[in-house]
Amino acid sequence: MRKKLILVFLTVFCFLIPMALLASGGSVDFKGRTLSILVNDTHVQVVDAWKPLWERETGGRINVILVPYVGLGDKMWIEFRTKTGTFDTAAIPSTWLGDVAGGGHVVKLDPLFEKYGYPDWDDILPAIQTICKWAGETVAFPYDGDCHMTYYRKDALEVPEYQQKFRQKYGYDYHMPPKDWDEVRDISEFFDRWDWDKDGEINYGVAFIAQQKTQAQWEVLNIIAQYATKAGPPTNTTSNIFFNTDTMEPLCNTPGWIEAFRTIQELTEFAPPGLLGYGYSEFRYAYVSGLAGLGFDWGDVGIMEQYPDEYGSKVKGKLGYGPLPGAKKYWDHLNEKWVYEDHQVNFLNFGGWVWIIPKSAKNVDMAYNWVVYITNPERSLLDACGIHGYTGVNPFRKSHFDPAVIGLWERGGWDSNAVIGYQKAIMDILTDPYAVTDLRIPGGERYYDALDYHLAEVLAGITTPEKACAALYDDWVRITNEYGKESQKRYYRQSLGLK
Amino acid sequence: MGIQKRSLGGWIVLWIIIAIFAVWTIFPIFWAVVTSFKYTGDAYEPTFIPWIQFKPTLQGWHFVFITAGERTLRSLRNSIVIASCSSAIVLLLGALAGYSLARFVFRTWKNKDIAIWILSNRMFPPVAVLIPYFLLMRTLRLLDSPLAIILAHTVLNLPLGVWLMMDFFRDLPRDLEDAAFIDGCSHLGAFFRIALPLAAPGLVAVYVLSFIFSWNEFIFVLVLGFNRAITIPIVIAGALTTKGLEFWKVASMSLIGVIPVVILATFVSKYLVRGLTLGAVKG
Amino acid sequence: MKLKYADHKDVIKWAFLLPCLGYLVLMAIFPLVWSLSLSFTRWLGTIMEKPQWTGLTNFRNILFEDPRFWKALWFTVRFVSLAVTFQLGIGLGMAYLLRNNFRGRSFLRVLFLVPMACPPIAVAFLWKMMLHPDIGVINSALQMVGLPKVRWTTSVLVAPFTIVMVDVWEWTPFMFLALLAAFEALPVELDDAAAIDGASNFQIFRNITIPLIAPVIVTIVLIRVIDAFKLFELVFGITSCGPANATESLSYYVYLTGIKWFDLGKGAAMSWVFLLIVLGISLVLFRFRKTV
């Protein structure tokens, strides 16, 4: 077994590296020119890794503009508004594309693809292709495949003794990973506040991101996606969770949303006491240090799990991975009734980071070359599989899941069984053609901030889900009116691919 | 002040109160210093004594000066340039206006009204002018340029400069200047040769105070800065990243911002309260 | 000679004053007027090139349809009053206790500079570290002496007080030093004379000392109130407005609206409402200062 692995590994390495060098070598010459790129601290590792190589190969120089995550949006908008050409390309969350592409601030890429060529576009997973498009045109480069997934502790859920006790208490067997949010609730309650991993410290049932102004809204959207719609080609009733596509009425006051808010409020009772202080860093620290049984996060937890020294992981090899839990019912907002049906919806949470080229860029050709260079199959694999450590990049190409490259994942610190489970979980979500996409219309950040605002009160238990949803509805109506109802409706329909 | 008689017990109670107050005041800084020499696990433990309780490491400082060195040094340079330039403008305009208000009588508007109007410019919350500043600097193509931030910080500190200088000049005996006039000196001459040298401590105080405030200012740099013009507070704010709770980075980064101004402040400790109260209380 | 002196005077006094006034008009008044004119427009910076006149819509929107604005205002007002009260109380008490000369005074004076001189954003991050609910040093220390952990930054009830506490840490020394200076400036004989008349310590303090230093108290309270209203960095660093928006300050909300979301019209209107509130409160305190 080991011999075979080494063989595969060697082939891959001997084969891939020269190919990588060949793929882009020598054909361009940027001598004497400087490319400016805007990144936030999460992605600077990727940039640092490839910058020297790229500079050597193309002769160009790179000026890295590094900003903290909180400042990224501000800085990007300054450039869009002033058009001074401060940066040539930037890595941004795809969920901003509503404002960015809707406002016409970025270069459309289809002509560039034709001019310079984009190798292996078909290698990009369909869901990631979708998020790089806006209103039918490609406006961004794929770079990262982001989706929330379920993490569970195998040393808790797989113990037969616990399973039996659970059956006695709740009268059924749970699935691994949990099949729907009712199961999540019961499992969280069952594994809450006792030392099931026998390390002398109290464990808790569940943990997720819940701090304000970080990314808590995506945790509730995981649940909303299950209760507010069912999977299918996007229409008014399927794979649509935010607005009525005919009237642009927010759906956030419907029973589906309220049910999701109620669920997440209940889950806070089975979470560690510091829950409301969990931003992404705090949550990930807490989860890989073995505090909770269930967790819902992007692929990053899986990477951090592999590094006991750097990220203090105490759960290496103990995590199971799966898609988001589904639900036993969903709200049909047209007929205003619950439909009882076991189902599960995938949600492209945050949608991943993408690279964009602003219209004011001075070096479009260099920017194009750079992004294609770092996101090509071989290089992006090194970023995604953990060899470069925690880079914020998660797999987004079919070739990242190729069994032939599993050796690289192992070199990134993974156990071979773990990586298969991890890959399958992500693959299932990203290849789902009916996955719900993020809200991508102008003002997207404001809609989400309002959601975050009211969600925070629900999580803290100082308001009821009903009241929060009603207040959120008012906010969303106001934002929609401010931006113009008709145009917002047009944008929203476009973002779903509706005429 | 008279020396009151206190019993021994009174003294002990007094000193306990002082000690508590002092520890409470200095502990966060002490803790930052300790944390900046820790790494991963150690940083989350309540241990205080290096070598005995934990193994000190230069990881945090290595990050600040080597890994992120270019950024740290650039922002340090920016901080120094911005703070010293804006303080220089504050000093120049403040000394002139302060002298004028202290020595001459204005009739159409009273001296006091002018002074209070100047003071009122310090009252508005900085966020109130963020949007127009942003638009203005955009029009002038000054976004992400240190000049934009210098201009903004000067507005923030100018009222302080005027009031403090006015206060210092008032304290100077007028006779000396009057004597100079009789000797045939012009007003300009009297100002430069007599008044300014006499007010030297005041000038230093104004300069250093406005340097400190400019160094510490956050929100204008956050909005007007970008990459070339960022200062230390922005780098501190960026020390907490998505990668986890790297306390050692936060601690060492914060200390970079804290140490220079604290040292500066000790030089003008006599004037700090006077400066902060705009001359109303002579500390 | 005298003639020259008088002639000269008018030129000089204006030549000295005008640069300063000019600078303030250009860089403070003009931006404020500009922002006032923007506040009557609808200007969504992300999708619109030019502002659009809408009259009072923004103000109506803020004052009558935006509970979040009121919540932020309420938090800010509570923060200001609590923080300033504590700072004044502790500062006054300490200054009174230590008003007599004692050794180590100059040492204390230097020590107390530290919190005031620190960049507020550094203060925020240092405290955020210490107050971390799971691994912060303060909770670890509490646990060691057998007390329960406090959810400093994650409890809706505690978090606002946490912000107040950090501000008290930062600015109590200011109150203390200012009041100490005020006590020092008092004539010595007062205490002795009153003591001979048989007045108790507390009576002396209430009836003689306090009225004498009242102008100083009102002045420093005024300064602190104005500054405390600017609260931004502590909230930005320690709680990022959470939990459940319990610590969203007005400055932060204005920043979010105007800069982060680029809703320039509403942001400008909001900053004007904010400005008027601060101005109103300052005027009241200013009047009060004149009467004492």
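I count two residues as in contact if their C-beta atoms, placed from the backbone, lie within 7 Å. I note at the outset that this is a predicted model.

**Entry 1. Chain B against chain A**

I applied the contact criterion to this pair of chains. I found that 17 residues of chain B are in contact with 21 residues of chain A.

**Entry 2. Chain C against chain B**

I turned to the other interface. Here 80 residues of chain C and 79 residues of chain B take part in the contact. I asked which element supplies the largest share of the chain C side. It is helix α1 (residues 2–38) of chain C, with 18 residues. I recorded the classes on the side of chain C that touches chain B as 60 nonpolar, 11 polar and nine charged residues.

**Entry 3. Chain C as a whole**

I listed 13 helices and two strands in chain C. I then examined its spread: the radius of gyration is 24 Å, whereas the globule rule gives 19 Å for 292 residues, so chain C is more spread out than a compact globule. Along the principal axes, I found that its C-alpha atoms fill a box of roughly 80 × 75 × 30 Å. I noted that 49% of the 292 residues of chain C count as buried. I also looked at contacts in chain C between residues at least 6 apart in sequence, and 70% of these join residues at least 24 apart.

**Entry 4. Strand β3 of chain A**

I asked why strand β3 (residues 89–93) of chain A can be called largely enclosed by the rest of the structure. Five of its five residues are buried, so the description holds. I checked both faces of β3(A): Thr89(A), Ala91(A) and Pro93(A) are buried on one side, and Ala90(A) and Ile92(A) on the other.

I next looked up the pairing partners. Strand β1 (residues 34–40) of chain A runs parallel to β3(A) and is joined to it by two bridges. In this pairing, I noted Thr89(A) of β3(A) as the bridge partner of Ile37(A). With strand β13 (residues 353–356) of chain A, β3(A) pairs in the antiparallel sense over four bridges. There, Ile92(A) has Val354(A) in β13(A) as its bridge partner.

**Entry 5. A four-stranded sheet in chain A**

I traced an open sheet of four strands in chain A, in the order β8-β9-β7-β10, with mixed pairing. I identified β8 (204–207) and β10 (319–322) of chain A as the edge strands, each pairing on one side only. Neighbouring strands of this sheet are turned by 15° against each other on average, direction ignored.

I followed one pairing in detail. Strand β7 (residues 149–153) of chain A and strand β9 (residues 292–297) of chain A run antiparallel and are joined by four bridges. Thr150(A) stands opposite Phe296(A) in β9(A).

**Entry 6. Helix α21 of chain A**

At 1.5 Å a residue, its 12 residues should span 16 Å, and its end C-alpha atoms are 17 Å apart, which agrees. I listed its buried residues as Gln488(A), Tyr491(A), Tyr492(A), Arg493(A), Ser495(A) and Leu496(A). I recalled that an α-helix has 3.6 residues a turn, so residues three or four places apart point the same way. I asked which helices the buried residues of α21(A) pack against. They pack against α4 (97–102) and α20 (465–483) of chain A. Finally, I noted that α21(A) is followed by Gly497(A), whose phi is positive, near 85°.

How values were computed: Residues are numbered from 1 along each chain as its sequence is written. Chains are lettered from A and ligands numbered from 1 in the order in which they are written. This is a predicted model: local features need pLDDT of at least 70, side-chain atom pairs count only at pLDDT 80 or more; totals for chains, interfaces and linings use all residues. The radius of gyration is taken over C-alpha atoms; the globule rule is 2.2 Å times the number of residues to the power 0.38. A residue is buried if 20 or more other C-beta atoms lie within 10 Å of its own, exposed if 12 or fewer, and partly exposed in between; C-beta atoms are placed from the backbone. Two strands pair if DSSP finds at least two bridges between them. Axes are lines fitted to C-alpha atoms, for helices over the stretch in contact, and angles run from 0 to 180 degrees between N-to-C directions. The expected span of a helix is 1.5 Å times one less than its number of residues. Ala, Val, Leu, Ile, Met, Phe, Trp, Tyr, Cys and Pro count as nonpolar, Asp, Glu, Lys and Arg as charged, and the others, Gly among them, as polar.
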